[in-house]
Amino acid sequence: MHSTDVKTLRSAELHDDLQLVDRALQDLNQIILGKAIQVRLSMACLLAGGHLLIEDIPGVGKTTLAHALARILGLSYQRIQFTSDLLPADITGVSVYDRERSTFRFHPGPVFSQLVLADEVNRATPKTQSALLEAMEEGQVSADGETLPLPRPFFVVATQNPTYQIGTFPLPESQLDRFLMRIRIGYPGPALERELLKGQDRRSLLLATEPVTNVDTLLRLQEHVTEVFTSEALLDYVQALVRHTREDADYEVGLSPRAALSLVHAAQAWAMLHRRKAVLPEDIQAVLPAVVGHRLKPRQELTLQDAEALGERLLEAVPVP
Amino acid sequence: MINPGEHLRRLGWTAAALSVSVAPHLPRMPAWVSLLTLACIGWRMLAAVRGWKAPWQLLRLLMAIAGFIAVVGTYGTVNGIEAGSALLVVMMDMKLLETWRRRDYQVLMFISYFLIMAQLLYEPSMWTLPFMIVAVWLSTTTLMQTVRQGPSIPAPRAARMVASMLLLSLPLMLILFLLFPRVPGPFWAMPTRGGGISGLDDVMTPGSVNALSLSDAVAFRASFDGPAPPAIERYWRGPVLHVFDGASWREPGSRPWRPLEVPRSGPQLRYQVTLEPSSRPWLLALDYPGEWSLSGAYLSSDYQLLARRPIEQLTGYSVVSYPDALAGAAISERERAMNLSLPAERNPRALALAATLRGQHSGDGDYVQAVLDRFTLEPYVYTLRPPALRGSDPVDAFLFDTRRGFCEHFASAFAVLMRAGGIPARVVTGYQGGELNPLNNRMTVRQSDAHAWTEVWLPRAGWVRVDPTAAVAPYRIERSLADALPDSDLVPGRFMRSLPLLVMLQQRWDALDSAWNEWVLAYGPDRQIALLRSLGFGNPDWRSLTAVLGVSVIVLLAGVAAWTAWRYRPPARDQVQRLYRRYLERLARRGVQRAPWEGPLVLADRAERALPAYAGAIRSITRSYVRLRYEPDASETELLKMQRLLRGFRP
């Protein structure tokens with residue numbers, strides 16, 4: 001049913017869908033004050049069908065952003081609070097013996113939601129982390145020899161405290177690669193913080209908001225993202241960027257082909273949000289720091305802030321052909 | 001799914017297009033059709049505003065049946081042009097009630113095209129052309145707006161797009177018009193519409209011709225190869241009337257005598273005639289037609305050129321006439337008897353006069369001249385308003401009492417006197433004269449040129465034309481009706497002829513109308529064959545026509561394809577970059593230096609802020625560049641546009 005919907009999608013419907021997305025962004029910005037870029041990046045990440053990692057100190061609104069996305073986009077939502085004693089089955093689900101039927105029955109875990117918030121993912125053990133990350137990669141969960149598909153769309157927002165906090169297991173590079181983008185939220189500006197302090201509680205504001213879009217709209221838009229045109233000239237630019245990370249002395253490891261593909265994909269979503277039918281260098285530049293920040297390993301040990309500046313440095317180093 | 005605002009816009013277009021297409025039909029139809037159309041358009045618009053659904057299917061079906069019955073009830077049939085177009089309008093109304101999807105809009109526009117074409121069946125004149133163009137333009141724009149997926153295009157742009165589409169289709173249209181094989185005969189002919197037939201009749205009673213003389217309508221046009229003969233020789237032969245009942249003349253029920261030998265001797269006259277539809281099979285020609293182009297046409301035994309079927313549409317043909325040919329060197333006894341017969345005890349005074357004159361002039365020629373002299377010398381008056389002839393002896397009344405008459409009075413009286421004198425005589429009706437338009441060298445013959453004259457049969461001379469009107473009013477024959485009549489008679493065109501500017505305008509219009517008739521309306525199988533012959537085909541038929549058509553269409557489309565491929569070839573990338581560098585240089589000259597990592601949009605933002613006076617140009621150039629470099633299917637046109645923009649960009 002969805003596939004035919006996507007086939008009949010044409011510019012008028014796309015126009016309407018994108019208008020809904022604009023409204024969703026507006027509503028999100030009512031809840032997450034002063035973080036328009038991060039909100040837009042999250043939306044682009046979702047539309048590109050990728051998963052999002054939000055990395056910042058507690059209390060800047062990571063959870064609120066994830067919850068607000070789920071609510072406004074009309075997705076089913078589950079929050080999993082990661083702790084050091086969380087087990088893989090707590091995420092994927094358990095098989096329980098059914099006395100009446102004398103069989104084991106699978107009880108799906110919280111991962112069977114369209115939007116899963118993995119809160120403080122770096123507080124759980126690597127084993128538990130990998131259970132989630134495998135589900136993200138495969139789009140399905142295997143339990144007791146049975147394979148169960150996860151719902152569509154499936155979108156994981158993981159939050160992570162900066163690694164220097166006590167009692168954390170930082171995600172290894174190979175796992176970080178599963179996330180299309182990593183963003184940080186940062187402190188609000190003084191005026192907005194004042195508004196935050198004076199205003200309504202964010203959560204109750206969130207619960208008062210109505211969904212703007214639905215699952216069908218999202219699936220249609222996700223399908224359309226792949227149709228946004230990428231010209232030869234643009235791919236020249238992407239390759240130049242990637243080549244620079246591989247050749248320049250600043251980076252320990254360059255960007256992988258998968259990273260390049262992710263970059264293009266995220267830029268397609270960004271371009272679609274701006275109603276462009278083709279990707280421009282500006283789209284690449286807008287998403288690049290979020291897409292490559294967690295994939296680039298700088299030569300020296302750098303802080304998070306520096307790592308993102310690495311993205312900016314990369315952009316400044318490579319001319320647009 | 002179409003959103004409501006879009007739906008309303010589409011309906012607006014549809015309502016406008018349908019109103020224009022249907023408007024010229026409505027005055028001809030009963031009032032209920034107009035009311036129904038208004039109601040349906042109104043209801044559909046209201047339904048769109050209020051968000052109503054279509055009526056139930058059963059209700060729609062019942063309404064369609066009711067509409068059908070109403071048409072049958074009004075016209076008694078659904079055949080024929082009138083009933084057919086009424087049915088089309090009613091079904092269009094019904095279709096409106098269920099128009100919700102794209103496909104329905106499409107069907108409505110096709111009905112609209114049919115309605116536009118149907119207008120041609122009523123009014124094929126040039127005046128219809130502007131209406132057709134506007135209506136087709138509007139309907140095509142509506143079609144584009146309603147069936148396209150995605151939001152509608154702003155109206156002015158849509159109208160421009162469709163105008164260029166229509167212009168582009170013009171060559172194809174011309175090829176199809178010129179070369180699509182046309183079948184002669186009733187296949188293309190329209191069914192006859194009832195109503196007044198104007199023009200000549202096959203019965204002549206006193207007053208029947210002068211009724212025509214007030215009509216300015218064109219009967220036919222003719223163009224001569226070489227100089228036109230003088231007016232006095234331009235007798236266009238129509239029905240020949242043999243049977244006289246004392247008051248009126250008519251054609252014989254049948255012509256039993258031998259088939260005619262076509263006389264071909266002496267000088268020739270070659271000319272083409274474009275005949276207006278008359279619902280009669282008569283083909284007007286000068287005396288005596290020897291060869292003609294219209295297939296199936298034949299010469300009657302009294303030298304009238306006839307078509308196989310009544311002429312229902314503008315018809316073109318060419319004729320070669322032999323004016324000096326000897327017609328009817330010998331006539332049969334039956335023919336002689338018919339052309340001598342007079343009803344007994346009718347018009348006794350005329351018979352007495354004939355007997356007296358015949359007594360004084362024994363030679364046939366002398367007798368004819370004596371009768372003509374009588375018309376000249378006695379105070380006979382040629383007038384458009386002759387007094388009514390009462391009683392059973394109208395010829396007597398005219399000859400001896402009123403002495404005022406129009407051509408048919410003179411022709412009738414003359415023929416009676418001839419027959420009474422023992423000379424076979426008959427009345428010929430047709431047209432005399434015609435007006436030459438110096439602009440296109442075409443002769444226009446109008447209904448007001450209708451005329452009646454006589455033919456007498458003389459031994460050794462055969463049938464000889466004698467026009468008694470010429471004896472009474474020579475100006476009628478040499479010049480025109482208006483010159484022959486007193487000023488008090490109202491004659492069409494007399495006032496106009498007194499103003500040179502009007503004369504010139506009238507000639508212009510006449511030339512235009514004549515060209516339209518000849519090249520558009522009368523363009524039929526004969527002209528097609530002639531065209532092929534001029535293209536070098538020895539013996540063209542419909543097969544060669546089809547072949548030429550196919551080849552022409554293929555050549556045209558291949559040409560269009562080649563041109564399109566060339567015009568929209570992908571521009572060379574380095575060319576785009578060169579143009580962009582030129583733009584960058586010009587920006588740099590004004591201090592806006594592009595950083596190497598700056599994309600086109602970021603740079604444009606900065607440049608617009610730095611050079612606000614050039615913001616528009618910067619935006620256009622950037623848009624053009626982005627389209628050429630980053631978007632799919634950029635065309636050569638865009639490159640030309642960027643070049644043009646850059647030429648004007650001198651900050």
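Which residues in α6(B) meet which residues in α7(B)? The model is predicted; local features require pLDDT of at least 70, side-chain atom pairs count only at pLDDT 80 or more, and totals for chains, interfaces and linings use all residues. Residues are numbered from 1 along each chain as its sequence is written, and chains are lettered from A and ligands numbered from 1 in the order in which they are written.

On the α6(B) side, the residues are B:Val136, B:Trp137, B:Thr140, B:Thr141, B:Met144 and B:Gln145. Their counterparts in α7(B) are B:Ala158, B:Ala159, B:Val162, B:Ala163, B:Met165 and B:Leu166. Contact here requires C-beta atoms, placed from the backbone, within 7 Å. By class, the residues of this contact divide into nine nonpolar, three polar and no charged. Ala, Val, Leu, Ile, Met, Phe, Trp, Tyr, Cys and Pro count as nonpolar, Asp, Glu, Lys and Arg as charged, and the others, Gly among them, as polar. Helix α6 spans residues 128-147 of chain B, and helix α7 spans residues 155-179. Helices (H or I, at least four residues) and strands (E, at least two) are DSSP runs, numbered from the N terminus. The two helix axes come within 9 Å and cross at roughly 115°. Axes are lines fitted to C-alpha atoms, for helices over the stretch in contact, with angles from 0 to 180 degrees between N-to-C directions. The crossing of α6(B) past α7(B) is right-handed.

Chain B has 24 helices and 19 strands. Of its 651 residues, 34% count as buried. A residue is buried if 20 or more other C-beta atoms lie within 10 Å of its own, exposed if 12 or fewer, and partly exposed in between, with C-beta atoms placed from the backbone. Among contacts in chain B between residues at least 6 apart in sequence, 73% join residues at least 24 apart.

An open sheet in chain B has five strands in the order β8-β3-β15-β18-β19, with antiparallel pairing. Strands β8 (285-286) and β19 stand at the edges with a single partner strand each, so one side of each is left without a neighbour in the sheet. Two strands pair if DSSP finds at least two bridges between them. Strand β15 (residues 425-432) and β18(B) are antiparallel and share seven bridges. Within this pair, B:Thr429 stands opposite B:Ala452 of β18(B). Five bridges join β18 (residues 450-458) to β19 (residues 462-466), also antiparallel. There, B:Glu455 has B:Arg465 as its bridge partner. β18(B) and β19(B) form a hairpin with three residues between them. In the turn, B:Arg460 has a positive phi of about 70°. Helix α13 (residues 407-420) of chain B lies across β15, β18 and β19, running at about 15° to β18(B).

The largest nonpolar core has 110 residues. Such a core is a set of buried Ala, Val, Leu, Ile, Met, Phe, Trp, Tyr and Cys residues joined through C-beta atoms within 7 Å. Those with the most contacts inside this core are A:Ala44, A:Leu69, A:Met181, A:Leu263, A:Ala266 and A:Val287. Helix α12 (residues 257-273) of chain A supplies the largest share, nine residues. A second, separate core holds 74 residues, including B:Phe220, B:Leu275, B:Tyr380 and B:Ala397. Not counting residues up to four places away in sequence, A:Ala44 touches A:Ala266, A:Ala269, A:Trp270, A:Leu273 and A:Val287.

The contact between the chains takes 21 residues from chain A and 16 residues from chain B. On the chain A side, α2 (11-31), α11 (232-247), α13 (281-292) and α14 (304-317) each supply at least two residues. The largest share, four residues, comes from α2(A). The chain A side divides into 12 nonpolar, four polar and five charged residues.

A:Pro153 sits in the loop between β7 (146-149) and β8 (155-160) of chain A. B:Tyr288 is in the loop between β8 and β9 (289-292) of chain B. A:Arg275, a residue other than glycine, has a positive phi near 60°. With 11 C-beta neighbours inside 10 Å, A:Arg275 counts as exposed. B:Tyr303 has a positive phi of about 70°, and is buried, with 21 other C-beta atoms within 10 Å.

Conventions. Two residues are in contact if their C-beta atoms, placed from the backbone, lie within 7 Å. A crossing is left-handed if the near helix is turned anticlockwise from the far one by less than a right angle, and right-handed if clockwise.
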